[in-house]
Amino acid sequence: MGDVANCHLVSLPRISDGRGSLSFIQPGPLLPFGIQRVYYLYDVPMGQERGAHGHRRLEQLMVAVAGAVDVECDDGRKRRTFRLASPDVGLYVSPMIWRNLTGFQPGTVCMVLASEPYDEGDYYRRYDDFLAAATAR
Ligand code: TYD
């Protein structure tokens, strides 16, 4: 069962000097899974929403490497919205969380590190199906 309490912001390393800044992500306490896939959302039109699905097993870490986006996490009982607006902040999203991404600023690039290769069978695409599974005892 998912729990939004397990979704949390992660402060990523940031190394800054006169040449600019560098952040990095590697498996460890900040990233509790091995990276099997990286994808990114970009060119999202103003007002467009993304996400609107849940995952059975997938764990993710989302980073707005440019711009800003709101990520609403819903475990079927509770909801919590996180604002991603800095390349040195990630959002860990645990399995069995319905997520909606809204409020994309123009130019936003939202990078997602994922614990599994792409598998359509891992998705809940219908909220009713997600809710039934998420609230089943
Ligand atoms: P989808 O997961 O619905 O996008 P989002 O949640 O970000 O709005 O994926 C959109 C399309 O891209 C869908 O046809 C599946 C495909 N896709 C892949 O082929 N590989 C991937 O790693 C991802 C995330 C999506």
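Which side chains meet in a salt bridge at 3.2 Å, N to O? Those of Asp70 and Arg83. I will come back to that pair after the background.

The model is predicted, so local features need pLDDT of at least 70 and side-chain atom pairs count only at pLDDT 80 or more, while totals for chains, interfaces and linings use all residues. Residues are numbered from 1 along each chain as its sequence is written, and side-chain values use heavy atoms, with hydrogens and water left out.

Let me start with the sheet. Strands here are DSSP runs of E with at least two residues, helices are runs of H or I with at least four, and both are numbered from the N terminus. Two strands count as paired if DSSP finds at least two bridges between them. An open sheet is formed by 5 strands, in the order E1-E9-E6-E11-E4, with antiparallel pairing. At the edges stand E1 (8-11) and E4 (37-41); each has a single partner strand, so one side of each is left without a neighbour in the sheet. On average, neighbouring strands of this sheet are turned by 25° against each other, direction ignored. For that angle, axes are lines fitted to C-alpha atoms, for helices over the stretch in contact, and angles in general run from 0 to 180 degrees between N-to-C directions.

E1 pairs with E9, residues 89-93, in the antiparallel sense over 4 bridges. Ser11 stands opposite Val89 in E9.

Now the salt bridges. The rule asks for a side-chain nitrogen of Lys or Arg within 4 Å of a carboxyl oxygen of Asp or Glu. By this rule there are 11 salt bridges. Back to the opening pair, Asp70 and Arg83: Asp70 is in strand E7 and Arg83 in strand E8, 13 residues apart. Arg83 is partly exposed, with a relative accessible area of 38%; buried means under 20%, exposed over 50%, and partly exposed in between, using a 1.4 Å probe and protein chains only.

Another bridge joins Lys78 and Asp3, whose closest N and O atoms are 3.5 Å apart. Lys78 sits in the loop between E7 (69-74) and E8 (79-84), while Asp3 is in the segment before E1, 75 residues apart. Both are partly exposed, Lys78 at 39% and Asp3 at 25%. A network of salt bridges links Asp3, Asp75 and Lys78.

One more pair is Arg126 and Asp128, with closest N and O atoms 3.9 Å apart. Which of the two counts as exposed? Asp128 does, at 53% relative accessibility, whereas Arg126 is partly exposed at 48%.

Last, the cysteines. A disulfide is a covalent bond between the sulfur atoms of two cysteines. Here it is defined as a pair of cysteine sulfur atoms within 2.5 Å. How many disulfides does a search of the whole structure find? The search finds 0. For Cys73, the nearest cysteine sulfur is that of Cys7, 4.1 Å away. The sulfur of Cys110 is 11 Å from the closest cysteine sulfur, in Cys73, which is too far for a bond. Cys73 is buried, at 0% relative accessibility, and Cys110 is buried at 0% as well.
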